[in-house]
Amino acid sequence: MAIAVRNLTKLYGTEKAVDDISFDVKTGEILGFLGPNGAGKTTTMKIITCYMPPNGGSVEVDGHSVTEHSLEVRKKIGYLPEHNPLYMDMNVIEYLEYSSQLHGISKSDVKPRMREMVEVCGLGDVRHKDIGELSKGYRQRVGLAQAMIHDPEVLILDEPTSGLDPNQIVEIRHLIRQLGRAKTVILSTHILSEVQATCDRVIIINEGKIVADGTPEKLQEDFRGSETISLELKAGVTNAMTEMFPKIKSLQHVENVNYAGQDGNKHKFTLHTAKGSDIREELFHQAVAENWVVLEMTRSVTSLEEVFHKLTRAEEPKK
Amino acid sequence: MNTLTLPFKLSVGNIASIFRKELKSYFNSAVAYVVIVVFFVLMGWFYAGNIFLMNAATLRDMFEYAGIIFLFIIPAMTMRLLAEENKSGTIELLTTKPLQDGEIVLGKFLACWAFVGITILPTLVYYLTIATHGEIDNGPVLGGYLGLLLMTGVYVACGLFASSLTENQIVAFMVGIFFCVALFFVDKTLIFMPDFATGVLQYLSVDYHFSNIARGVIDTRDVVYFASMLGFTLYLTVVSLERRKW
């Protein structure tokens with residue numbers, strides 16, 4: 001169930017919430033939409049789910065256009081909107097039954113599907129409670145259950161772990177990974193670790209435009225600045241500044257060295273080396289040759305967070 | 001699911017699902033019972049107390065009073081139908097399900113109308129009271145109930161339309177009353193209107209057609225009126241749903 005978005009634009013009044021974006025989602029892929037609040041993630045999802053029409057461009061789900069074949073598209077999609085709206089006066093079972101009826105699930109399949117959703121989403125204990133009585137975590141699970149009850153080929157989840165405590169977050173992520181295995185999933189979030197934990201691919205959106213598109217590893221790779229190595233050497237008889245510092249600095253590819261001082265019996269250094277270089281081996285040999293004791297040598301990878309900051313902070317309008 | 005060949009290819013199954021859910025919702029809510037109680041308290045106050053004083057074997061007055069009371073309490077029944085969905089955001093879920101807007105509107109309309117019907121049912125007590133004490137002509141009684149049902153149908157449609165326009169139930173209530181009152185009183189203002197307008201305005205009045213049917217005669221003109229008012233108002237509601245998505 002592939003999704004094709006081409007030159008999508010959406011205006012709220014004169015403001016461009018989504019500005020000429022294009023991307024594809026392959027069948028079975030879990031795509032993460034990452035972006036600051038107001039970037040256009042929710043708007044894009046609302047267009048894909050046929051809640052609102054685009055102002056320009058097109059969206060096709062499995063070849064069906066969201067404007068021409070809206071009914072067809074909606075049959076294939078399971079949607080968890082932002083803020084997870086629910087009917088507070090219904091109990092969980094009633095609500096799931098209602099959802100299955102609206103999706104045209106045949107009478108004989110309704111009960112088995114409901115049982116499966118209750119089990120998979122862990123709603124067994126609360127299934128006879130009114131939704132209004134449930135905690136946020138359980139409500140989120142009901143929202144997910146409703147999105148999946150008709151076994152749709154596409155899942156659109158808008159901030160599915162919003163407002164959950166860390167335990168609940170892990171559970172929901174696990175659920176998404178599990179159920180998303182054979183489905184095409186788009187989930188939006190502004191929690192970077194979530195993207196890393198659940199998604200095959202990431203699109204970073206900022207101010208209505210796509211600023212990055214790739215796997216988490218590829219993005220980290222692409223946006224890697226200079227390499228950073230943290231080095232801790234044992235303090236010995238030698239003086240760190242006069243003896244160690246210049247020797248470290250003179251190694252090939254080293255662009256900059258910071259001496260952070262002495263902490264107990266450790267000398268701490270931070271090395272910045274050229275992009276793409278990995279001097280850990282030379283550093284090790286150098287240490288051996290000079291009789292330094294290496295207590296710690298860590299190469300830090302550009303985190304997705306840094307990628308995010310780079311891409312979204314830089315886009316701030318200059319006032 | 002069953003897609004009977006209704007006009008515009010609406011699925012009966014979907015309408016039925018929404019109908020059942022909304023009707024159940026009415027019985028789960030306190031508002032519904034309050035409304036029924038208020039209806040009968042008012043009926044008792046204005047009408048029932050005077051049945052024996054009137055000394056006439058007719059339900060005419062009951063239908064008139066019922067019509068006026070419903071004018072105010074039907075908007076109270078319809079106010080949450082769409083306004084609440086707009087406010088809580090469930091409208092987003094509802095309109096992204098594979099449903100047509102017409103199915104949503106019809107399902108909610110029929111549920112409220114059915115609830116009004118259930119509210120009217122106990123008035124049979126008045127009928128029984130009079131029928132056992134005098135010779136009542138059943139023709140106007142049947143006509144009266146039919147007219148009342150049709151008239152309340154139009155009120156429900158107006159209230160539903162009002163509810164679709166806002167997120168605020170109170171606003172929905174007030175706008176609903178405005179529409180219903182306008183339709184009801186339009187033929188009471190004929191004296192003040194210029195001659196050429198009187199015919200049209202009288203035709204537009206819900207009360208005018210109701211009175212016709214309540215006499216016991218079912219004239220096609222009146223049926224056409226109710227059918228087109230219902231159709232028009234429900235259509236407006238569908239358009240209103242569409243508009244919100246833009």
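1. Two strands count as paired if DSSP finds at least two bridges between them; strands (E, at least two residues) and helices (H or I, at least four residues) are DSSP runs, numbered from the N terminus. In chain A, strand β11 (residues 227-234) and strand β13 (residues 266-273) run antiparallel and are joined by eight bridges. Within this pair, A:Leu233 stands opposite A:His267 of β13(A).

2. The structure is a predicted model, in which local features need pLDDT of at least 70 and side-chain atom pairs count only at pLDDT 80 or more, while totals for chains, interfaces and linings use all residues. Residues are numbered from 1 along each chain as its sequence is written, with chains lettered from A and ligands numbered from 1 in the order in which they are written.

3. On the domains of chain A: the assignment gives domain 1 (3-222) and domain 2 (227-300), and such bounds come from an automatic or database domain assignment. The centres of domain 1 and domain 2 of chain A, taken over C-alpha atoms, are separated by 47 Å.

4. One open sheet of chain A consists of six strands in the order β6-β7-β8-β3-β9-β10, with mixed pairing. Strands β6 (77-80) and β10 (209-214) of chain A are at its edges with a single partner strand each, so one side of each is left without a neighbour in the sheet. On average, neighbouring strands of this sheet are turned by 15° against each other, direction ignored. For such angles, axes are lines fitted to C-alpha atoms, for helices over the stretch in contact, and angles run from 0 to 180 degrees between N-to-C directions.

5. Within that sheet, strand β7 (residues 154-158) and strand β8 (residues 184-189) of chain A pair in the parallel sense over five bridges. A:Asp158 stands opposite A:Ser188 in β8(A). Helix α5 (residues 136-148) of chain A packs on the sheet and touches β6 and β7 of chain A, its direction making about 165° with that of β6(A). Touching here rests on contact, which requires the C-beta atoms of two residues, placed from the backbone, to lie within 7 Å. Helix α11 (residues 304-313) of chain A lies across β3 (30-34), β9 (201-206) and β10 of chain A, and runs at about 30° to β9(A).

6. A residue is buried if 20 or more other C-beta atoms lie within 10 Å of its own, exposed if 12 or fewer, and partly exposed in between, with C-beta atoms placed from the backbone. Five of the five residues of β3(A) are buried. A:Ile30, A:Gly32 and A:Leu34 point one way from the strand, whereas A:Leu31 and A:Phe33 point the other way. β3(A) pairs with β8(A) in the parallel sense over five bridges, and A:Phe33 stands opposite A:Ser188 in β8(A). Four bridges join β3(A) to β9(A), and these two strands also run parallel.

7. A:Leu31 lies in strand β3 of chain A. This residue counts as buried because it has 21 C-beta neighbours inside 10 Å. Its bridge partner in β9(A) is A:Arg201. Neighbours within four places in sequence aside, the contacts of A:Leu31 include A:Val25, A:Val185, A:Ile186, A:Cys199 and A:Ile203. A:Val307 is 276 residues from A:Leu31 in sequence and 17 Å from it in space, C-alpha to C-alpha.

8. The pair described in point 1 belongs to a second sheet. Here four strands of chain A form an open, antiparallel sheet in the order β12-β13-β11-β14. Its edges are β12 (254-263) and β14 (294-300) of chain A, each with a single partner strand, so one side of each is left without a neighbour in the sheet. Helix α10 (residues 280-290) of chain A packs on this sheet, touching β11 and β14 of chain A, and its direction makes about 165° with that of β14(A).

9. Chain B has twelve helices and zero strands. Buried residues make up 41% of chain B.

10. Between the chains, 18 residues of chain B are in contact with 20 residues of chain A. On the side of chain B that touches chain A, α1 (12-28) and α5 (90-96) of chain B are the elements giving two or more residues.
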